[in-house]
Amino acid sequence: MTAIMRNPAPPAVDPALLAAFRDVATATISDCLDRMPVLAGLRAFHRRGRLVGTAFTVRVRAGDNLAIHQALEEVRRGDVIVVDGGGDTSRALVGDIMKAIAESRGVAGFVIDGAVRDTDAFAQADFPCYARAATPRGPFKTGPGAINVPICVGGWTVNPGDVVVGDTDGVVTFSPELGPSLIEAVQAQAARETEVLALIRAGRYDGRYARVAKA
């Protein structure tokens, strides 16, 4: 068994900041951050429910989940286990048992740049799980791996302690330092969209949507 490299956990994010993003669409967050912070190629495997929490990052060797097991021993309530599996889908990194462990410890959800299995269990539950694919083949458990280090998921860098938001469109992340200004930006964006929809319904749409910062 290969040792797992660990860094100290980052400071906890203000729960009020996380709560402010609970009903914000990932598309709006992405728009307000230059349309950049998207973990591309992942899809939801759970039944329903939004994901909001703090990134507990894990890097693993392709097809090996030893470091995820270690993360489950150290994770804090409200953390999201975000795994850089290199996009490898040859072996599942988490399944029903690890889901049950995570739920019992207050984990907010899984974001896996790799494969999962036991997808019926995820599909029948509201525990958020985003991954690249599914396969019945199980993982190795020999390492190496790393915990609470910067990782790359779907072409985007995720740092320990980043805010993680997921919905039916996908997952975005951002530094908590951006949170106060970002929530103002997304609220303004939502107000503009509400205005545009009202104009459309009233038959008075004037083309302004093509001039606002959204596709």
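Q: What makes β3 and β4 count as paired strands in this predicted model, and in which sense do they run?
A: Strands pair if DSSP finds at least two bridges between them; β3 and β4 share 6 bridges in the parallel sense, and therefore they meet the criterion for a pair. The bridge partner of Arg 59 is Asp 84 in β4.

Q: What makes β4 a mostly covered strand?
A: Buried means under 20% relative accessible area, and 6 of the 6 residues of β4 are buried, so each of them falls under that cut-off. Asp 79, Ile 81 and Val 83 point one way from the strand, while Val 80, Val 82 and Asp 84 point the other way, and all are buried. In a regular strand the side chains alternate between the two faces of the sheet.

Q: Against which elements do the buried residues of α3 pack?
A: Leu 66, Ala 67, Ile 68, Ala 71 and Leu 72 are the buried residues of helix α3. The buried residues of α3 pack against β1, β3, β4, β5, α4 and β8, where contact means heavy atoms within 4.5 Å.

Q: Why is the protein chain called as compact as a globular protein of its length?
A: The protein chain has 6 helices and 12 strands. Its radius of gyration is 18 Å, close to the 17 Å that the globule rule gives for 215 residues, so the protein chain is as compact as a globular protein of that length. Along its principal axes the C-alpha trace spans about 65 × 35 × 30 Å, and 47% of the 215 residues count as buried.

Notes:
Residues numbered from 1 in each chain as written. Predicted model: local features only at pLDDT ≥ 70, side-chain atom pairs only at ≥ 80, totals over all residues. Heavy atoms only, no water. Buried < 20%, exposed > 50% of the residue type's maximum accessible area, 1.4 Å probe, protein only. Helix = DSSP H or I, 4+ residues; strand = E, 2+ residues; numbered from the N terminus. Rg over C-alpha atoms; globule rule 2.2 N^0.38 Å.
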